Amino acid sequence: MAEAMIEFQNVTKQYQGGTPAVDDLTMSIDKAAITVFVGPSGCGKTTSLRMINRMVEPTSGSITVGGEDVTAGPAAKLRRSMGYVMQSSGLMPHRSVLDNIATVPRLNGVSKAEALKRAHELLDVVGLASALGKRYPSQLSGGQQQRVGVARALAADPPVLLMDEPFSAVDPVVRDELQQELLRLQRDLAKTIVFVTHDIDEATVLGDKVAVFGLGGKLAQYATPEEILRAPANDFVASFVGRDRGFRHLAFSPSDGVTVHPARTVTADELKLAGNDAAGWQLLVGHDLRPLGWSGPGMGSESVPGGSLFRKGDTLRRALDAALSSPSGLGVVVDEDGRVAGVITAEEVLAVIESDRHVRHGAL
Ligand code: ADP
């Protein structure tokens, strides 16, 4: 079994008054491997990542790195001991590329000459020409800036590298290059890398292990990419995996076969008066019958925002998106005027997708 480097023990993060952003996360991250956190936006990936270097403090639970509790020493020191790469390269605009890369070694007390020498070497490591070192970040392409971001994160030779959607702002071709480059780097460096993305393809390309996060900040599955693709743990993972892979064709499939059910609606006044103690979800609507959110069992007069909306005639992909992004698991159907026309269920959308696929394969 692989050696653990980072361990989450019953970690929960609750921002002011909200539902948990991360809910009781327990997981062990392998040393010298790439672990990818993947899932739709808002399901707690970034929060989980940031708790590792204490940019965010957990509400409860504990995290250890290399066997040591992260709260054992000062947060600033911990932060400097890990590389961090984010989506916008986060480079300092008024400093040259070399100075940017040399920042953390300088903070750690390395001499200027030594730090610059190392920065030069790192340009080569991340595949950049040394002539670029004198430029300013704005004089580089997006892909080059991300490479500098990676070089900077590697500058102090940290054992742990945290990467938060580092490649999601560049075009697909460059993104592909950066992914391959990271894999090549990792073969030589063998860092413990935690990588956040919302793209399942990126997760399966990069990850030795993949953690799929679901609604409400819950870990839905944690396994190798092969296993996640072959045996998704539940419907949520199956649809999330399928949504960006085998289901791409859905964008071209009509949704005629999907049954629209009547919606249980409630107005804010009614909700205030009676609360929602009923078993089941109620769709909160305005007086004009436009959807405003969802009220769940036991939520009293509170409600939560809804997911994406579905219009009759939209594609199957939109139907699936609406159902999966909704807190109630019911996708909201609206008419041309934006008024609630009913709801659709994820199970039924998936069933239509299945039969659609059989028809396709049968026809081929
Ligand atoms: P992801 O990275 O999966 O998109 P995040 O970890 O960014 O998810 O967010 C998880 C949940 O926590 C979201 O509902 C988000 O709105 C909420 N959240 C994130 N950061 C903050 C914050 N600083 N204050 C309040 N809520 C936050």
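Guide: A residue counts as partly exposed when its relative accessible area falls between the two cut-offs, under 20% for buried and over 50% for exposed. This matters below, where the model, a predicted one, is read feature by feature.

Visitor: Is Ala32 buried, partly exposed or exposed, and why?

Guide: Ala32 has 38% relative accessibility, so the residue counts as partly exposed. Ala32 sits in the loop between S2 and S3.

Visitor: What is the phi of Ala32?

Guide: The general idea comes before the case. Most residues other than glycine have a negative phi. In this structure the phi of Ala32 is near 60 degrees, a positive value in a residue that is not glycine. Asp24 is another case, with a positive phi near 55 degrees. Asp24 belongs to strand S2, and its relative accessible area of 43% makes the residue partly exposed.

Visitor: In what sense do S1 and S2 pair, and over how many bridges?

Guide: A general point on strands first. In a regular strand the side chains alternate between the two faces of the sheet. Here, strand S1 (residues 4-13) pairs with strand S2 (residues 22-30) in the antiparallel sense, over 6 bridges. Within that pairing, Val11 stands opposite Leu25 of S2. S1 also pairs with strand S4 (residues 60-65), in the antiparallel sense and over 5 bridges. In that case Thr12 stands opposite Ser60 of S4.

Visitor: How many aromatic pairs does a search of the whole structure find?

Guide: The search finds 4 aromatic pairs. One of them joins Phe37 and Phe213: the centres are 5.0 Å apart and the planes make 50 degrees, a tilted arrangement. This pair links distant parts of the chain, with Phe37 in strand S3 (residues 34-38) and Phe213 in strand S9 (residues 209-214), 176 residues apart. Phe37 is buried, at a relative accessible area of 0%, and Phe213 is buried at 0%.

Visitor: Why is the pair of Phe236 and Phe240 called stacked?

Guide: Planes under 30 degrees apart count as stacked. The planes of Phe236 and Phe240 are at 10 degrees, with ring centres 6.4 Å apart, so this pair is stacked.

Visitor: Where do Phe236 and Phe240 lie, and how many residues apart are they?

Guide: Both are in helix H9 (residues 235-244), 4 residues apart, which means a separation of about one helical turn. Phe236 is buried at a relative accessible area of 19%, and Phe240 is buried at 3%.

Visitor: Which residues are around the ligand?

Guide: Tyr15 and Ala21 are among them, together with Pro40, Ser41, Gly42, Cys43, Gly44, Lys45, Thr46 and Thr47. By class, this shell divides into 4 nonpolar residues, 5 polar and 1 charged.

Visitor: What lies 3.0 Å from an oxygen atom of the ligand?

Guide: That is a backbone N or O atom of Cys43. Side chains take part as well: an N or O atom in the side chain of Lys45 is 2.9 Å from a ligand oxygen, and one in the side chain of Thr47 is 2.6 Å from a ligand oxygen. On its own the ligand has 560 Å² of accessible area, and the protein covers 54% of that.

Visitor: How many helices and strands are in the protein chain?

Guide: The chain has 12 helices and 16 strands. Its C-alpha trace spans about 70 × 50 × 45 Å along the principal axes. Of the 364 residues in the chain, 47% are buried.

Key: Residues are numbered from 1 along each chain as its sequence is written. This is a predicted model: local features need pLDDT of at least 70, side-chain atom pairs count only at pLDDT 80 or more; totals for chains, interfaces and linings use all residues. Side-chain values use heavy atoms; hydrogens and water are left out. A residue is near a molecule or strand if one of its heavy atoms lies within 4 Å of it. A polar contact is a pair of N or O atoms within 3.5 Å; within protein, one must be able to donate a hydrogen and the other to accept it, and residues adjacent in sequence count only if both atoms are side-chain atoms. Accessible areas come from the Shrake-Rupley method with a 1.4 Å probe; for residues, only the protein chains shown count as cover. Ala, Val, Leu, Ile, Met, Phe, Trp, Tyr, Cys and Pro count as nonpolar, Asp, Glu, Lys and Arg as charged, and the others, Gly among them, as polar. Two strands pair if DSSP finds at least two bridges between them. Helices (H or I, at least four residues) and strands (E, at least two) are DSSP runs, numbered from the N terminus. Rings of Phe, Tyr and Trp (its six-membered ring) pair if their centres lie within 6.5 Å; planes under 30 degrees apart count as stacked, over 60 as edge-to-face and the rest as tilted. Buried means under 20% relative accessible area, exposed over 50%, partly exposed in between (1.4 Å probe, protein chains only).
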